Amino acid sequence: MGYEWTIIRRHLFSVGRRMGLTTIIAIIGVGLGVGALVITLSVMNGYADMIFDRQVGINPHITVRRPYSERIENYAPIVQLLEKHPEVVGANPVIETEGYILNKVKDVGTVTSGVLVRGVDGIVKSSDIVHHITEGKMELTRIEGNTFGIVIGKTLAEKLGASTGSKIRLLTAPKDLTNIPPLRQYVITGIFETGFYEFDASLIYVSLSAAQRDLQWGDLATGIQVRLVNAFEADRVSVELRETLAETHADMFPTSWMYAQGNLYAWIQLQKWASFVVLSLIVVVAGFNIISILTMAVNERRREIGILKAMGAAPKSIAQIFSREGLIIGASGVLLGNILGGGLCWIQKVYAPISLSGDIYFINALPVTINILDFAMISALALLLCLVFARWPAKRAAKLDPIEAIRYE
């Protein structure tokens with residue numbers, strides 16, 4: 001270890017209470033800036049991942065429809081054609097319509113709620129809703145007689161006062177209201193919880209055959225849902241599928257999820273980097289504290305610097321002493337900020353002390369995703385800023401004339 005490190009250690013930790021206090025304040029300032037950046041980016045990452053997981057995980061990556069939402073007949077060949085694409089994991093026909101659900105609760109009466117009815121066949125092919133089942137199972141087949149199974153969200157189940165095994169009634173509402181279908185009885189076979197209020201409170205799943213029966217449509221569907229290997233390739237794949245369908249089914253139009261929800265996802269990413277730029281100013285302000293501390297140190301140690309240079313210390317060595325001091329302060333602040341920010345993010349991720357009202361914010365708790373690359377990027381930026389801010393007082397110390405420094409002390 002060279003003499004520079006011995007001097008640095010004495011400067012930062014052994015020379016007077018004032019320098020020790022100002023060093024601690026500078027470390028805390030850098031730590032707060034880094035911690036704020038870590039927490040902000042982690043929350044933005046969590047929200048972006050939540051939007052992606054909920055919107056793209058529950059909803060299909062691509063939906064194939066006819067113009068003006070016309071019904072699709074003889075959809076089996078179309079499904080087979082879509083599944084031949086190398087990037088398509090699976091496809092299945094679907095009926096999406098609005099409905100009205102009712103449940104009789106003892107001592108309360110009839111509880112009702114509007115719902116989005118999704119009639120599906122082979123749900124595993126186009127959605128990961130099965131991974132969000134918390135009670136029961138994804139069983140949509142016929143239970144007994146004309147009664148089919150139904151899967152609903154947890155929030156909706158609580159509102160209806162229902163649970164797995166409960167018998168409820170569903171009224172589907174087609175666009176053609178001249179022929180309103182009758183109320184049908186269903187048995188709740190599963191309850192899912194996505195953490196996304198919009199889905200948990202209004203989305204229900206029934207079998208495709210049950211939806212066709214209720215709507216009195218016969219063997220028809222409103223669309224075909226497609227799931228891809230990579231959801232972010234949906235725009236490109238949808239164009240390729242349109243070219244494929246143009247040969248035999250020119251009236252079929254694939255639409256990617258990015259067309260419907262992509263703007264929201266892009267806005268979140270933009271907000272993330274905008275927040276990063278704004279909060280970086282906190283680290284910049286903390287960096288000015290380093291300039292102040294090191295400038296004060298240079299002024300207080302003019303005599304010591306002069307003696308060192310008179311004894312043969314090179315200007316480069318003098319500059320390194322103060323540059324390294326700034327870097328040590330910055331590294332200590334970065335470590336503190338990472339521990340502080342990472343610890344708070346971990347607590348929120350595991351225990352979720354910050355809860356939100358789902359009907360207002362669409363989620364039940366503040367989402368957090370800890371990304372190691374963000375930690376590394378923030379740490380590198382903070383260290384670079386601290387090193388840059390330390391260069392000016394370091395160069396000033398290196399340029400001191402030893403004779404003038406000793407003469408006036």
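**First stop: an aromatic pair**

Select W257, which counts as buried at 4% relative accessibility. The model on display is a predicted one. The structure holds three aromatic pairs, and F232 and W257 form one of them: their ring centres are 6.0 Å apart and their planes stand at 75°, so the pair is edge-to-face. Where does each of the two residues lie? F232 is in the loop between β12 and α8, whereas W257 belongs to helix α9 (residues 257-300), so the pair ties together parts that are 25 residues apart in sequence.

Next, select W346 and Y351. These residues also form an edge-to-face aromatic pair, with 5.9 Å from centre to centre and 85° between the planes. W346 is partly exposed at 45% relative accessibility, while Y351 is exposed, with a relative accessible area of 58%.

**Second stop: a lysine in helix α9**

Return to helix α9 and select K272, which has its place there. Is K272 buried or exposed? Its relative accessible area is 7%, so K272 is buried. Display the residues around K272: leaving aside neighbours within four places in sequence, its contacts are L41, M44, N45 and D374. K272 and A48 are 224 residues apart along the chain, yet their C-alpha atoms are separated by 9.1 Å.

Select β1 (62-65) and then strand β13 (residues 253-256), with which β1 pairs in the antiparallel sense over four bridges. β1 also pairs with β12, again in the antiparallel sense, over three bridges. Which residues stand across from V64 in these two strands? In β13 the bridge partner of V64 is P254, and in β12 V64 stands opposite I224.

Select helix α3 (residues 76-83) and highlight its buried residues, I78, V79 and L82. They lie on the same side of α3, because they cover an arc of only 100° around the axis. The general rule behind this is that an α-helix has 3.6 residues a turn, so residues three or four places apart point the same way. What do the buried residues of α3 pack against? Display β1, β2 (72-73), β3 (88-105), β12 (223-228) and α8 (234-246) to see the elements in question.

Centre the view on I152. Apart from neighbours within four places in sequence, I152 is in contact with A157, L160, I188, G190, I191, F192, L203 and I204.

**Last stop: two cysteines**

Finally, select C345 and C386. C345 counts as buried at 2% relative accessibility, and C386 likewise counts as buried, at 1%. A disulfide is a covalent bond between the sulfur atoms of two cysteines. How many disulfides does the structure contain? The count comes to zero.

Key. Residues are numbered from 1 along each chain as its sequence is written. This is a predicted model: local features need pLDDT of at least 70, side-chain atom pairs count only at pLDDT 80 or more; totals for chains, interfaces and linings use all residues. Side-chain values use heavy atoms; hydrogens and water are left out. Contact means heavy atoms within 4.5 Å. Buried means under 20% relative accessible area, exposed over 50%, partly exposed in between (1.4 Å probe, protein chains only). The arc is that of the directions from the helix axis to the C-beta atoms. A disulfide is a pair of cysteine sulfur atoms within 2.5 Å. Two strands pair if DSSP finds at least two bridges between them. Rings of Phe, Tyr and Trp (its six-membered ring) pair if their centres lie within 6.5 Å; planes under 30 degrees apart count as stacked, over 60 as edge-to-face and the rest as tilted.
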